[in-house]
Amino acid sequence: MKTIQGQKLVASPNVKKEDFKQTLQQAMKEKGLDTKLRNTVFHWVRTQSKQNKLDPLTSLSKASAQWEKRIHKSLNSMCSDLETSLAKIRPQSEQDELADKWNELSTYNLDLTKYRPVYAPKDFLEVLLTLSGYVPFTREDEPKWEFAHLPLQVKTLDQIRKLYLEWSSGEPLLGANPHMASAVPGFVTLEAERVSLGERVAALGYAPVVQEYLKKGSPQCLRAKLWAQVLGSEIKGQQITYFNQLKKSVLEVDLMIDKLIFKDVQLTASNDDQYFVFEDVLYQVMLCFSRDCDVMQQLKGSIGSPLTVTIKGKQTSTDSLTVFPPSGVIPFHGFTMYATPFCYLYDDPVQLYYTFRAFYIRYWHRLHYISTHPQGIVSLCLLYERLLEANEPLLWIHFRNININPIRVVFKWLMRAFSGHLPPDQLLLLWDAILGYDCLEILPLLALAILSFRKENIFQVNTLQNVDAVLADLSTISVIPLLQLALMRA
Amino acid sequence: MAQEIKRISPSIHRKPSPSNMEKGKVTYCTDLEKSVIISNFERRGWVQVGPEDEWNFYWSFTQNCRNIFSIESGYRMNDNQMINHFPNHYELSRKDLLVKNIKRYRKELEREGNPLAEKTDLVLPSGQVVSRYLHLDFIPVTYVLPADYNMFVEEYRKSPQSTWIMKPCGKSQGAGIFLINKLSKLKKWSREAKTPFHPQLSNKESYVISRYIDNPLLIGGKKFDLRLYVLVTSFRPLKAYLFRHGFCRFCTVKYDTSVTELDNMYVHLTNVSVQKHGGDYNSLHGGKMSIQNFRFYLEGTRGRAVTEKLFADMQWLIVHSLKAVAPVMANDRHCFECYGYDIIIDNTLKPWLVEVNASPSLQSTTHNDRILKYKLIDNIFSVVVPPDGIPDARWNKIPTTEALGDFDLLIDEDLMEKEDMNTRFCKFQRVKQ
């Protein structure tokens, strides 16, 4: 599409043959194609630099393959227990009903009592805890469960401080104190200053600039636009058409995963006072996501090798087979929560879908697949462990003494990027930082900061249940000041 | 209010002596035996007594409050007694009186030539032009039946496609409410009603009929209304505070304007009591979304300006509804009252006042609800009781910022006048020099 625009421009009288380069650049700038092209290049370069090679650490890839096998086995046995098929053509009457109720799928009645989520965060954690068993540990007195045994490099707190430079140097952050006086003349508060700057950044629309802006937090009124710009997920006709195709595939082929998706939305979003209102949009988004083979394509190499199954009812041919599901991603209990916070930014399901999808492709998949990637869940767990031991030694020892693996009390936060655990306004400030710094390391840092904040209460208890109780309610946590405090030198 | 009413014998003549004050213990009495209230009393170390004993603080049912203030009872409160209702709160909480008071207020402002009462012309979908107040158009067009029957018919004929909602004046919790979209249905109802509906007869069981807001703002395709808590410690001068925590009550079924849905009360009414019995009611969230999350959602999807305007409009609506009843309220200094304001927002982001409750439910439907109501009571006590912790009808009723807790000042005419006088005094001083 952009080359067509480019060609049209080249053919226009504004571009002269004599000083081609200069007048082309000038014409592009005038037409705004300049920014568009720069954005396109920016997003393309990002995708090229991603690690698509095979995992260098064979032990982890072995573990990953075994876990994947377990999941597939579990799916197949659920399928045969329930005497259904993993994939089958949907009868016309059912297609019609589904199409009819597409905007209110919460009223579509399914008997889901016999369906169970394929796995939950705690199952995944158990797998991760066995990883060090794949690597011989050197010291006898160290517990087997520590991630420290894995030969992965993670940052120290000092290195993290260098990464989050604006925070550790004490710069004013929107999420810390929006009402503080602005240092810029003409603005009463920091908030007013940020809104004005954010509007200019949004108008310019150049993704790297937006990303830089997000480092210090975005006002809620600008977030929807800024996030779409940074992720390159702004929608036009093409995206709407594609989304409708996804809808069509949902209607036409009944995948067993649909029941699991319905069940997950019901168990998580529909029961949550922050998100229950949006359940109907979430059904649409999660169902369409499962049919999106773009996801599998873009994440090739990072999400293992998905199942391929036969579609019952289709004549044997090339298209009677389907990847199960087409996205290549099998959802777990709570998977919907990766998408729920976007409901506070987008009313339109299509825009919501694309922004969520971009986030998933960029970040969320790393939280539930095993890899050696520095942003992967394994590295994040190791980072958490190291930060805790180095910076809260008394807490570390306390956990040792009461025989609790410290990762157990924070893992569900990490795997869900705190979705469902923090109120939406705090959560989105955290996700601003993820986007701004293009990094998930803030998650274990926040986990550490919360433990540190509540350590006095943790010292008082000695069972896992009681530690969980101390950490159950995060509704009073002010995320940004807490993080900034942890990052600024004591 | 299906609560058990504890009746006080109206023949009490004695005046309670403040002897318990000498003992240093504040006493309370409560008609409502709910932990959310009692725990707040106990936190303050107050001692429970019966209604016939010497209480300093009485959390009463409206009926009992009215009895205390009735002439027959001969009961006289002393300076160290406070009670949680105004004697004639029904001027605000009865649907017909609220409408009457607001209409009177607007007419008076209009007569005075006050710019607040400015009017504008509105073109209805039918093509008819009607006149509406520009700044004070916060209640849907409403008529009291049977008294205003003829006026209602005249208005109805201007837009015959519209839907109207009938509500009994004295009931609550969604009881007795129904919708009509044909005049014939109303006539049918009046024929079938137990007591004959005669425009000339004054019927005790009167109704209000309001223009139904058929374009409500929807979130996730669901209709909702807002519940806000407003504390009033005085009507003249007006002192009112808005509680920061309120909630949106959602219908469990998707909103549908097709005629077949007209009789489906789960879709149209948002009272929790009605929703609770719907098939999809969820007790984890109770169909309630916090007002903070609502505001956050609105700002994220619609932008800041319209969000701020909506919230400013809601504050405006509350203040003027209170100003409307202020002249007729018995402004007894022993009284304070916490009202539950029910507001519906339409899809142009305009708020409409549906009704005001003088006894907002303190029942908790969810865990979050329990916390909210506990905080509400706690903050009410800290606002109405003077800083020394002893209920006193004589104090200046200017709470400190700390005492306000999660209440925000809506209006304090006393403070405004003091500031005014102060400015005038300063000017005067300057002139003198």
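Modeller: Two strands count as paired when DSSP finds at least two bridges between them. Keep that cut-off in mind for what follows. The model is predicted.

Start with the open sheet of chain B. Four strands build it, in the order 2-1-3-4, and their pairing is parallel. Strand 2 (47-48) and strand 4 (82-83) of chain B form the edges. Each has a single partner strand, so one side of each lacks a neighbour in the sheet.

Now look at one pair. Strand 1 (residues 27-30) of chain B runs parallel to strand 2 of chain B, and two bridges join them. Which residue stands opposite Tyr28(B) in strand 2 of chain B? It is Gln48(B). In general, strands of a sheet pair through backbone hydrogen bonds, in either a parallel or an antiparallel sense.

Helix 2 (residues 35-43) of chain B lies across strand 1 and strand 3 (57-59) of chain B. Its angle to strand 1 of chain B is about 175°.

Next, the contact between the chains. Chain B gives 20 residues to it and chain A gives 26 residues. Together they bury about 2,000 Å², with 57% of that on carbon and sulfur atoms. Two salt bridges are counted between chain B and chain A. In a salt bridge between Lys222(B) and Glu279(A), the closest N and O atoms are 3.2 Å apart. On the side of chain B that touches chain A, strand 15 (288-290) and helix 10 (291-302) of chain B are the elements that give two or more residues. Helix 10 of chain B supplies the largest share, six residues. By type, that side of chain B has six nonpolar, nine polar and five charged residues.

Last, the backbone. Most peptide bonds are trans, and most residues other than glycine have a negative phi. From Arg236(B) to Pro237(B) the peptide bond is cis, with omega near 5°. Pro237(B) sits in the loop between strand 12 (222-235) and strand 13 (238-243) of chain B. From Phe324(A) to Pro325(A) the bond is also cis, with omega near -15°. Pro325(A) belongs to the loop between strand 4 (321-324) and helix 16 (349-362) of chain A. Leu349(B) is not a glycine, yet its phi is positive, about 65°. Leu349(B) lies in the loop between strand 16 (337-345) and strand 17 (351-357) of chain B.

How values were computed: Residues numbered from 1 in each chain as written. Chains lettered and ligands numbered in written order. Predicted model: local features only at pLDDT ≥ 70, side-chain atom pairs only at ≥ 80, totals over all residues. Heavy atoms only, no water. Contact = heavy atoms within 4.5 Å. Buried area = accessible area lost by both parts, 1.4 Å probe. Salt bridge = Lys/Arg side-chain N within 4 Å of Asp/Glu carboxyl O. Nonpolar A, V, L, I, M, F, W, Y, C, P; charged D, E, K, R; others polar. Axes fitted to C-alpha atoms, helices over the stretch in contact; angles between N-to-C directions.
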